Amino acid sequence: MADQKFLFSTRAWSSAEAPDQSDPIDMDIVANTYRSIVDETAFEAMIDNWCDKLDQADARRDPQPRISRQLLSQLALARHTLETLEIPAENDPLKREMAAVPGPAIVLSPEGRVAASNVEGGRAFGVQQGTFFDQSVLGPESLQDYKQLRQAANGRGNAAQAILTVYPAGTHGYARPFLAEGYTLHLPGQTGDFIVIRSLEVAWSDTVATRLQQAFGLSGAEAEVARLFFQLRDIDRISHERGVSVFTTRTQIKAIQAKTGAPSNIDLMRLLFMVASRELLGRRGETPVWQDPLGREQQITGPDGRVVAFTWMGDEAGLPVVALRGFPMTYLLPGEGEARLKAAGIKLYALSRPGYGNSSLHQDQEVLADNLTALRLFLDRQIDRPCVGVGMSNGFVPLLAEQDARPERFRALIAIGYTGVLDRSGIHRLQPVQRTMMRLAGPAPWLAELMAKSGHRMMRQHGVDWYLSRAYRGRALDMQSCQDPDVAALIRNACEHLLKQGHAAFVRDLQLACAPVDPMIERLRVPLRFLAPTEDGVFDETAYRRLESRSPLARVDPVPGAGELIFYQQTDLILDRIIAAATAPAGAF
């Protein structure tokens, strides 16, 4: 994930607006802001401080908290400190398992979805984060062992470790089989175990041969013999591979030993292992840059250089449905959604909004304008008929705005989860982290960004679980979903999708959620169905029913058994609504 520079300047808060007197809470804010840069527990204390300060502003009926010149200067200094610090080492528990080996390593959920992979693992196993592991890369003798590992991960067996033979899917230095260890990994609070598969061997890369030639003066032929010796460890097989006599091979190996100073075959093997390991050391544990787990991503480039990336699920020639994600750590429907969409003849497009994934963010535009420009570029280039628009949380805002401008683009709209726009009173019922940042995003976006960058730093250091535990532990249903390794694999991918370019997309989304959209709802020209989760800690049916009073085309469907992560908790219901909207006669949804 990138470590983005700050977008919002503290100069937006002029000295004329900054009073001289400090509130007593200010010293705590300053102390915990600095501590939050290095101490994962201080982040919550900082949020609590700001909650208190916002409550003070509410009591005085101030539209924004009072920030003294002294506090402003200290926070500006903290921003500068955060900007100049080096990126912390990753301490994510899944990534730690991969960092322990220089070769291929992947971590799987019990159902076999890739929760994490290092660069070498992606190459050797032919996977990327979010995809399903193709067990055809395992030797026939290892399939039963892998099955037992999955059973153990689901709590239905005791075979928690095995030695597996891997037949690589790629050709990036992994042309031959290698041995890997497989074992289950239990994390505190998880309802099942992850499965770790990591190489027991060090792969040979092209740069190893180059290094041997540069360091020891090996010829190209000798470097090739060294590679085969490292991989085959048998002179007869090397001779057969090269089509030469055993005598010739022995002579070449002795020449290599003389040039490298290795007195024996064992010492030569150790030397080659060391060189190969050092060549891979720079990639050890490296997490690949986020890519579309479906392997279908396409990119549209506008006249101004804007890039809009998208992927799809379902029937490639099906009826178009356009989905925009929002705040929650959700991006793609679980795997079973693909089959249902395909059977229904629907092509569900999943757009990466500006700053997400591989779509460019244009900070010279206001956030709604930036999102609308990207959405319109996609619709103009890709959609040739009225479609269904699906918005997760605040991702619904651009769809609503475009419907207001060009209603002929849509057959119907579906809003899923708390949108932050349909019931503004819901902001005060959010969890402290979201509530505080949402309230600061409008009057003091630079403060929200300071918090976001500090939180982003902690996520990079401690993993996505650091954020999930703080965002959802007050909501049992959502926390339960996070503790399911199969769902956690999807959440991790969605998190990487959001943060690939840094923290800026999250901060801009805070502002997007505050966009003035009430008049747009009142001017609705197409049916709107709002799936409102009843257990997200925000739901208030009376408040949400006011939406229906604003437009006869709006309808609220309370969804029991669903929280903020409704995308994973009520997948079948969401698919039902998408299919009904896409296939119903115009205006009948």
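Asp478 touches Tyr472, Gly563, Glu564, Leu565 and Gln569, leaving aside residues up to four places away in sequence; contact here means heavy atoms within 4.5 Å. The model is a predicted one, in which local features need pLDDT of at least 70 and side-chain atom pairs count only at pLDDT 80 or more, while totals for chains, interfaces and linings use all residues. Residues are numbered from 1 along each chain as its sequence is written, and side-chain values use heavy atoms, with hydrogens and water left out.

**Asp478**

- Asp478 is placed in helix α18 (residues 476-482); helices (H or I, at least four residues) and strands (E, at least two) are DSSP runs, numbered from the N terminus.
- With a relative accessibility of 0%, Asp478 counts as buried; buried means under 20% relative accessible area, exposed over 50%, and partly exposed in between (1.4 Å probe, protein chains only).
- The side chains of Asp478 and Gln569 are joined by a polar contact of 3.0 Å. Such a contact is a pair of N or O atoms within 3.5 Å; within protein, one must be able to donate a hydrogen and the other to accept it, and residues adjacent in sequence count only if both atoms are side-chain atoms.

**Helix α22**

- In helix α22 (residues 541-550), the buried residues are Ala543, Tyr544 and Leu547.
- Viewed down the axis of α22, these buried residues fall within an arc of 100°, so they line one face of the helix; the arc is that of the directions from the helix axis to the C-beta atoms.
- Thr542 and Ser549 are exposed on the other side of α22.
- The packing partners of the buried residues of α22 are α21 (518-522), β12 (528-533) and β13 (554-559).
- At the start of α22, the backbone nitrogen of Thr542 has a side-chain oxygen of Asp540 within 3.1 Å.

**Helices α8 and α10**

- The axes of helix α8 (residues 220-232) and helix α10 (residues 246-260) come within 10 Å and cross at roughly 100°; axes are lines fitted to C-alpha atoms, for helices over the stretch in contact, and angles run from 0 to 180 degrees between N-to-C directions.
- α8 is therefore roughly perpendicular to α10, a term that covers angles of 65 to 115 degrees.
- Glu222, Val225, Ala226 and Phe229 of α8 make the contact with Gln252, Ile253, Ala255, Ile256 and Lys259 of α10.

**Asp55**

- Asp55 lies in helix α2 (residues 42-59) and, at 45% relative accessibility, counts as partly exposed.

Conventions: Parallel < 35°, antiparallel > 145°, perpendicular 65-115°, else oblique.
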